[in-house]
Amino acid sequence: MEHTYRLWFFAPMEGEAVAAYLCKMARRGWRLEEAGRYFWRFVRAEPAPLTYAVTYFPDASRYGGATTEEQDELLDYCAAAGWTYVTQWHRMQVFVTDRSDPIPLETDEEQKLRTIEATIGRDRRWAPAVWIFLLALCALLGWAAYRSPLSFWTSAPVLAVLILFPLSLLLSLLDALLNLLWLRRSRQSVAQGGPCVPMRRGIRRVLSAVLLLPTVFLLLQALWYGGFWDTLDTIWSWLCLLLLGIVVWQMRKRDYTEKSISRGIILAAVLLTAAAYLLSLLISPLTTYLRNKDRITVQVGDRSYTVFADPVPMDFADLGVENEKFPADAIIERYDRSPLASAMSCRVLISLVDPKMPYLYYTIVHTASPAITDLCLQDPDLMREGMVKVSDDGWQAEAVYADFSNNIHLICWDQALLYIVFRDGRTDPTVFTQQQKETIRQLMMETAP
């Protein structure tokens with residue numbers, strides 16, 4: 001038996017549009033077999049001019065499952081009128097008939113309007129709480145992005161979340177607005193003795209389809225640009241959603257009530273959160289091992305030093321500073337990237353803490369546009385208190401900021417930033433030579449993604 005699946009862009013209240021689409025599929029030789037949350041399954045059959053119709057039942061479970069006594073009475077009434085029950089989706093029941101002139105399922109437009117209005121009210125009773133929650137998340141993430149723009153623009157997962165939350169809020173508000181407009185127009189039509197007006201939701205379907213593309217793109221780029229642990233977090237999130245879907249599917253198969261399924265979802269979410277926390281504790285030793293496995297032991301005289309030896313893009317040798325007496329720690333403390341920006345923070349210092357020894361710390365930022373550069377420039381991790389703008393043409397940069405008392409420089413190009421703390425161990429404060437400036441500019445170009 002051949003099957004096909006269709007990704008479903010219809011809203012739960014688009015009954016007439018759903019019926020018209022199912023009729024078209026039947027004429028093509030595909031009959032609806034089961035309605036899932038996002039995918040509807042069709043089975044191959046002989047092309048036929050079947051007629052589909054839908055009704056709404058406010059007390060039906062939005063997850064499907066067993067029918068109530070009132071629903072059974074409705075199904076018996078529809079069967080007596082020649083309509084065969086197919087499936088349920090949310091609070092919508094789908095029927096089909098092969099009669100050329102079937103008896104309409106609903107003839108009282110006023111009762112039909114009351115039923116749909118009750119169904120909308122049942123589905124939207126928690127909508128204000130969801131809107132407030134999403135709005136609070138958007139405000140919280142927006143404030144975090146304002147306070148720390150570098151972390152926002154360089155993190156693919158955070159960038160995805162901050163974009164997807166407002167999109168979800170927008171679609172939910174749009175759906176509620178379309179419902180209100182439809183109810184208003186239908187009340188006016190029924191009051192004048194006419195039928196309920198058709199629900200035309202082409203705009204919503206187009207937006208849903210269009211917004212699906214950036215959603216998929218953001219999720220894929222979170223996997224592509226995110227680090228190893230970010231990728232694991234993304235995979236775990238998808239796995240949790242899959243497990244929640246399996247919980248709902250199994251409870252539907254066992255005819256649980258809507259309230260029981262809702263409680264099951266909450267319980268499963270709590271258990272998965274607890275499992276994620278316990279898993280993070282269990283893998284903590286592994287993360288420590290992976291972080292320290294690149295450390296090397298260096299013998300200096302009769303003493304041994306264990307230091308990091310990460311392949312950093314710039315070290316003392318690049319800046320012409322000799323370091324032969326003691327080993328140096330070279331560690332990449334941060335490497336975040338997204339399609340819009342990347343940031344790498346590296347620390348290179350002598351293992352023996354001595355203010356007279358060379359020290360090097362820097363953050364290299366590359367952005368996709370000068371506008372993002374200007375936003376990242378305001379990050380407090382880069383623009384530190386006490387830094388002042390200085391005139392220095394040797395960097396060939398748009399702007400240069402410095403805090404000479406702490407050997408800090410911030411060099412700004414159109415699509416790159418360099419925050420650098422450099423102590424050469426010879427002069428205090430350290431003054432960059434022209435050769436060092438040209439070397440740093442070349443290294444910045446080489447590290448551009």
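A search of the whole structure, which is a predicted model, finds eight aromatic pairs, where rings of Phe, Tyr and Trp (its six-membered ring) pair if their centres lie within 6.5 Å, and planes under 30 degrees apart count as stacked, over 60 as edge-to-face and the rest as tilted. Local features need pLDDT of at least 70, side-chain atom pairs count only at pLDDT 80 or more, and totals for chains, interfaces and linings use all residues. Residues are numbered from 1 along each chain as its sequence is written, and side-chain values use heavy atoms, with hydrogens and water left out.

**Exercise 1.** Describe the aromatic pair of Trp-143 and Tyr-146.

Solution. The centres of the two rings are 5.6 Å apart and their planes stand at 35°, so the pair of Trp-143 and Tyr-146 is tilted. Both residues belong to helix 4 (residues 127-147), and because they are three residues apart there, about one helical turn separates them; helices (H or I, at least four residues) and strands (E, at least two) are DSSP runs, numbered from the N terminus. Trp-143 and Tyr-146 are each exposed, that is, over 50% relative accessible area, while buried means under 20% and partly exposed lies in between (1.4 Å probe, protein chains only).

**Exercise 2.** Classify the pair of Tyr-361 and Tyr-419, and state whether each residue is buried or exposed.

Solution. With centres 6.4 Å apart and planes at 75°, the pair of Tyr-361 and Tyr-419 is edge-to-face. This pair links distant parts of the chain, since Tyr-361 lies in strand 11 (residues 359-367) and Tyr-419 in strand 15 (residues 416-423), 58 residues apart. Tyr-361 is buried at a relative accessible area of 18%, and Tyr-419 is buried at 3%.
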